[in-house]
Amino acid sequence: MAEAEKNDRVGPSVSAQEALEFHAMGRPGKLEITPTKPMATQRDLSLAYSPGVAVPVKAIAEDPARAFDYTTRGNLVAVISNGTAILGLGNLGALASKPVMEGKAVLFKRFADVDSIDLEVETEDADEFVNCVKLLGPSFGGINLEDIKAPECFIIETRLRELMDIPVFHDDQHGTAIIAVAGLINALDLTGRDMKTTKLVCNGAGAAGIACIELAKAIGFAPGNILLCDTKGVVYKGRTEGMNQWKSAHAVETDKRTLAEALDGADVFFGLSAKGALTPAMVQSLAKNPIIFAMANPDPEITPEEVAEIRTDAIMATGRSDYPNQVNNVLGFPYIFRGALDVRATTINDAMKVAAAEALAALARQDVPDDVAAAYQGNRPKYGPNYIIPVPFDPRLITAVPVAVAKAAMDSGVARRPILNLERYEQELSARRDPIASTLQRIYDRVRRQPKRIVFAEGEEEQVMRAAVSYVNQRLGTAILLGREERIRETAVNAGVDLARSGIEIINARLSRRNGIYADYLYERLQRKGYLFRDCQRLINNDRNHFAACMVALGDADGMVTGVTRNYSTALDDVRRVIDAKPGHRVIGASIVLARGRTVIVADTAVHDMPDAQQIADIAEESANFARRMGYEPRVAMLAYSTFGHPAGERSERIQETVKILDKRRVDFEYDGEMAADVALNPQIMQQYPFCRLSGPANVLVMPAFHSASISTKMLQELGGSTVIGPLLVGLNKPVQIVSLNAKDSDIVNMAAVAAYTAGG
């Protein structure tokens, strides 16, 4: 691969080489198929395949609807494309569309727990495409069409909806329309407009543009107040040039012929066209408090900065994540299909699309929860001109949109399995949410808003360099690699790691001008602990953990990451020589255990071997404070092998004493113990103890000893399929995180992000 190609940028934070490595690493691609039933014994195999499989086969033959009960069909969506309109890249063919379709399938799973498989159809003939999808229909509960050029996309979707009894949804059309209309509803509210009299101009008569104005009409816009424009100008009645049946359906009686004429005095601009299509003069001509949705990707028709130079009264939205009010399809399609699948809808109709848009609009008006507020570093987003569309990591999306879609499907008569208890359905949806990505996303988004300088103490290690590059590429801040510059650059060249970029610094401890200052600082701390000045000088010169910790202690870096080349306890001892605990705090290790539908913080997983009651009480307080900083309201369970005195034992008495200590401290969080893990985590079992103080399952588990914490988290990881982040150091006066020996680059950058997240907090 040519050097120019390797370094080609494909976005503000992604290089071409990095993107290729991401898709190629480990198992190529982004998907795998795993069984949902046990396959450990001969009996399991007999039930899963022959002879047991014959029973559901016969049942489905008798009643096809039973396929939803006995197979994956009810939770399986096909993402299908022929590659004729891939992103903004054009017609590159079916095979080239596969990475995008895999990505779409991943988003279905990540955001709404919908299983999805991508299918790339090698034809540009609409009849062949329709026939192929129709014949595959029995395999799936829904069809998501993607990246198909106009006008074929209209023909294909219309015919498939007529031929199939499952939802068929072209996301490029309707997904964009639903999110845009959600934002439009709120923009109209904020500007005091009545949609029946509001004038809207849409520039772009492709799939998304036409879908947007169709949905705008469906929510109440007067057809005569909507003007559609394309590269030939206004679509008006009597026009013949560049017309087709889909444009003609939206032609109106007007004497306006150009986009500039159409926009004069208009209230709303919808752009689904190209960069630069909206000029400053056009913006100036818009009505008071204009609504401008410049949704062209990757570059909008006009940027918010350009509009701000002309108008101070505009409400703006774009398709970009680096501006407020992003029109992002991921807010729609996973949740729309979730609701449609759960009621076994035969289609996704206008009522369901409107319901989705209205649910999104309503969600943006609600008070933002801690999960979202944490991403804004204390600046809680509030409904207004810069917040009219929810953000993708809002955990309430999984309940708000599917419930609205399911209800609309039932009300409009297309649901084959009505949901009788919508409140219970909402609870089931909450349990589906995978917390892994949202937890990390919250951390990453907050750091991007206030980037930090993180020192990577073991800068000569290849995976540390890759983590540093990733840290910078993801716009988290500056990465400082500690080590010998010649050695670092030689290793980087051999490993194909590009360090020649802004945001990466290399520091050699021996050559640093701060060397003497750090030695003096360390000697002042250690002179009464048996250390001579030359001992401290040696530590600064030769031990990168001490040097890095001094950088953080004296404000030359915001945080540090270490641990790749030495064990946890050794690295912690190094750091503790330089950095103290926060006043009134205890240093502990807290691990975040992420399982399907549940996030639990476990402590202490790193520091205290066999804590006494006072120490366990401190650990409980520190863990509760950490949970709050991570966006969770703590419910703390002190675990033991016993539950509320049975069976009795010395270790249980220690936990009972901890509860009494917390009672005296009058802490401001829920806590109780001693209790076994199943009591703490299972609400049905907890109900057997009506005197238990916890209002629900615990989300903070305080272990009786380090060995039980370490064993349990590792078992959850290996046997339970949970993801464990940590142990995270909590309670130090400065942000330091220690990874496990030989940690992967992704683990290192996650820990760096956590260090940055807690900097100053």
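Okay, hi everyone. Keep in mind that what you see above is a predicted model. Let me start with the layout. The chain splits into four pieces: domain 1 covers 61-166, domain 2 covers 174-412, domain 3 covers 441-577, and domain 4 covers 588-731. If you want a sense of spacing, take domain 2 and domain 4: their C-alpha centres are 46 Å apart.

Now, the cores. The largest nonpolar core has 98 residues, and the members touching the most others are Ile143, Leu145, Ile178, Phe270 and Met352. Which helix gives the most to this core? That's α9, residues 171-191, which puts in 10 residues. And where does the core sit relative to the domains? Domain 1 and domain 2 both contribute residues, so the core lies between them.

Skipping neighbours within four places in sequence, Phe270 has contacts with Ala180, Leu184, Val201, Cys202, Asn203, Cys212, Phe293 and Met295. There's also another core, apart from that one, with 67 residues, including Ile454, Ala479, Tyr632 and Tyr671. As background, nonpolar side chains in soluble globular proteins tend to be buried together.

First up, Lys98 and Asp118, with the closest N and O atoms 2.7 Å apart. Lys98 is in helix α6 (98-112) and Asp118 is in strand β2 (115-120), so this pair links distant parts of the chain, 20 residues apart. Is Asp118 buried or exposed? It's buried: relative accessibility is 8%, and the cut-off for buried is under 20%. Lys98, on the other hand, comes out at 29%, so we call Lys98 partly exposed. These two also belong to a salt-bridge network together with Glu102 and Glu120.

Next, Asp165 and Arg416, which form a salt bridge at 3.3 Å, N to O. Asp165 is in the loop between α8 and β4, while Arg416 is in the loop between α18 and α19, so this pair ties together parts 251 residues apart in sequence. Asp165 is partly exposed at 41% relative accessible area, and Arg416 is partly exposed too, at 37%.

Last one: Lys232 with Glu241, where the closest N and O atoms are 3.6 Å apart. Lys232 is partly exposed at 48%, and Glu241 is partly exposed at 49%.

That's what I had, thanks.

Notes. Residues numbered from 1 in each chain as written. Predicted model: local features only at pLDDT ≥ 70, side-chain atom pairs only at ≥ 80, totals over all residues. Heavy atoms only, no water. Salt bridge = Lys/Arg side-chain N within 4 Å of Asp/Glu carboxyl O. Helix = DSSP H or I, 4+ residues; strand = E, 2+ residues; numbered from the N terminus. Buried < 20%, exposed > 50% of the residue type's maximum accessible area, 1.4 Å probe, protein only. Domains from an automatic or database assignment. Core = buried A, V, L, I, M, F, W, Y, C linked by side-chain atoms within 4.5 Å. Contact = heavy atoms within 4.5 Å.
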